[in-house]
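Good morning, and thank you for joining.

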2 protein chains.
Amino acid sequence: MKAVSIESGEASKAKVHGVNRGISVFDLVLRIVAIVGTLASSVAMGTADQALSFSTQIVNFEAQYDDIDAFKFFVIVNAIACGYIALTLPFSIFHIMKRRAGKSRVLLILLDAIMLVFITSGASAAATIVYLAHNGNTSTNWFSICQQYTDFCQRSAGSLIGSFGAMAVMVLLIILSAIALSRS
Amino acid sequence: MKAVSIESGEASKAKVHGVNRGISVFDLVLRIVAIVGTLASSVAMGTADQALSFSTQIVNFEAQYDDIDAFKFFVIVNAIACGYIALTLPFSIFHIMKRRAGKSRVLLILLDAIMLVFITSGASAAATIVYLAHNGNTSTNWFSICQQYTDFCQRSAGSLIGSFGAMAVMVLLIILSAIALSRS
């Protein structure tokens with residue numbers, strides 16, 4: 001790619017540089033959005049906690065996120081994703097300044113794709129439990145717990161939004177890197 | 001990219017062509033692996049069915065994949081992914097023949113990333129239920145069903161393998177396309 005770029009015309013260079021700088025700035029903005037999304041998800045789920053003032057035979061007295069392993073996984077994954085995306089901000093800034101950054105973009109696509117898998121799996125696992133908590137499942141005799149734990153259910157369902165947003169952002173980030181690569 | 005490629009030297013062209021052809025052949029092989037993985041997952045889960053010769057107060061008589069929505073989602077997602085990957089085979093073959101295929105590679109990265117999200121969410125949702133079926137959850141009073149439905153549990157857990165394999169393959173496919181883009 002290096003040899004190719006050197007031999008290309010100055011006009012085409014400047015144009016590619018401009019478009020790629022625009023893409024890199026957008027990349028930086030999206031990463032900040034993803035940080036906010038994953039952080040919000042992690043905190044919202046991590047602080048979901050509801051004590052009931054009464055008890056029945058079916059449910060216990062208190063619901064916390066760490067009673068359910070899928071929610072624990074969700075909090076951990078979102079915290080890791082938030083940290084990872086924060087660590088990639090320097091890369092993003094580097095790409096704004098540097099036109100020729102093929103290798104670091106490929107590396108970023110790899111890491112972003114792996115992180116996309118983590119975020120998706122966390123969000124999907126938590127969504128599955130939220131769905132089950134709302135609807136229950138008669139075949140397996142898993143009853144809905146949302147009649148009792150209304151606030152807990154609402155909080156845990158709401159905390160998915162940030163994570164699903166981050167998922168969409170990660171897909172966008174991968175595409176932006178690919179477009180920048182195809183133009184460099 | 002077109003202008004840049006035309007101006008590059010013949011030697012570098014030939015080298016890039018060779019490496020990209022190798023990548024594209026590997027891409028084709030991986031896609032066939034992913035088709036097999038998603039198809040196997042879909043069929044294995046779709047045919048998971050166990051009737052019990054006895055009944056208890058806790059469980060019903062028969063377990064089928066479509067009793068659980070997450071398993072239904074898993075089967076549908078894997079069937080769609082299998083169809084999608086089969087449809088991208090012509091792209092892959094086109095990339096083996098054509099050196100300059102920047103746009104179609106970017107499109108493929110986009111579609112592959114979206115499909116990665118689908119496969120991951122399906123596999124993760126099903127894995128969450130399999131985990132719950134094995135371990136139960138005392139806080140929510142969702143009891144393990146795997147003592148009763150041993151075969152069903154084994155079958156549904158086993159059917160995840162193909163899907164998780166396909167997930168890894170999709171990440172690899174995205175990276176391969178990115179590497180090919182960075183070299184073209």
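Let me start with polar contacts: between chain A and chain B, ten residue pairs are in polar contact, both partners having pLDDT 80 or more. Please keep in mind throughout that this is a predicted model.

Which elements of chain A make up the side that touches chain B? Helix H1 (2-7), helix H3 (69-97), helix H4 (102-135) and helix H5 (150-183) of chain A each contribute at least two residues to that side. The most comes from H4(A), with 16 residues. Sorted by class, the side of chain A that touches chain B holds 28 nonpolar, 14 polar and three charged residues.

In terms of extent, 45 residues of chain A are in contact with 45 residues of chain B. The area buried between the two chains is about 4,000 Å², and carbon and sulfur atoms account for 69% of that area. How many salt bridges cross this interface? The rule finds zero between chain A and chain B.

I turn now to symmetry. Chain A is superposed on chain B by a rotation of 180 degrees with 0.0 Å of shift along the axis, at an RMSD of 0.0 Å. That is the relation of a two-fold axis. Moreover, 100% of the interface residues of chain A are also interface residues in chain B, so the copies meet through the same surface.

Next, the salt bridges of the whole structure. A search over all chains returns six. Among them is the one between Arg31(A) and Asp27(A), whose closest N and O atoms are 2.7 Å apart. Why are these two residues separated by about one helical turn? Arg31(A) and Asp27(A) lie four residues apart in helix H2 (residues 10-46) of chain A, and therefore about one turn of the helix separates them.

There is also a backbone detail to point out. Most residues other than glycine have a negative phi. Asn141(A), by contrast, has a positive phi, near 60 degrees, and is located in the loop between H4 and H5 of chain A. In chain B, the phi of Asn141(B) is likewise positive and near 60 degrees; Asn141(B) sits in the loop between helix H4 (102-135) and helix H5 (150-183) of that chain.

Finally, the confidence values. Chain A has a mean pLDDT of 86, and 86% of its residues reach 70 or more.

Thank you; I would be glad to take questions.

Notes:
Residues numbered from 1 in each chain as written. Chains lettered and ligands numbered in written order. Predicted model: local features only at pLDDT ≥ 70, side-chain atom pairs only at ≥ 80, totals over all residues. Heavy atoms only, no water. Least-squares fit on C-alpha atoms with pLDDT ≥ 70 in both. Contact = heavy atoms within 4.5 Å. Buried area = accessible area lost by both parts, 1.4 Å probe. Salt bridge = Lys/Arg side-chain N within 4 Å of Asp/Glu carboxyl O. Polar contact = N/O pair within 3.5 Å; in protein donor to acceptor, adjacent residues only side chain to side chain. Nonpolar A, V, L, I, M, F, W, Y, C, P; charged D, E, K, R; others polar. pLDDT = per-residue confidence, 0-100.
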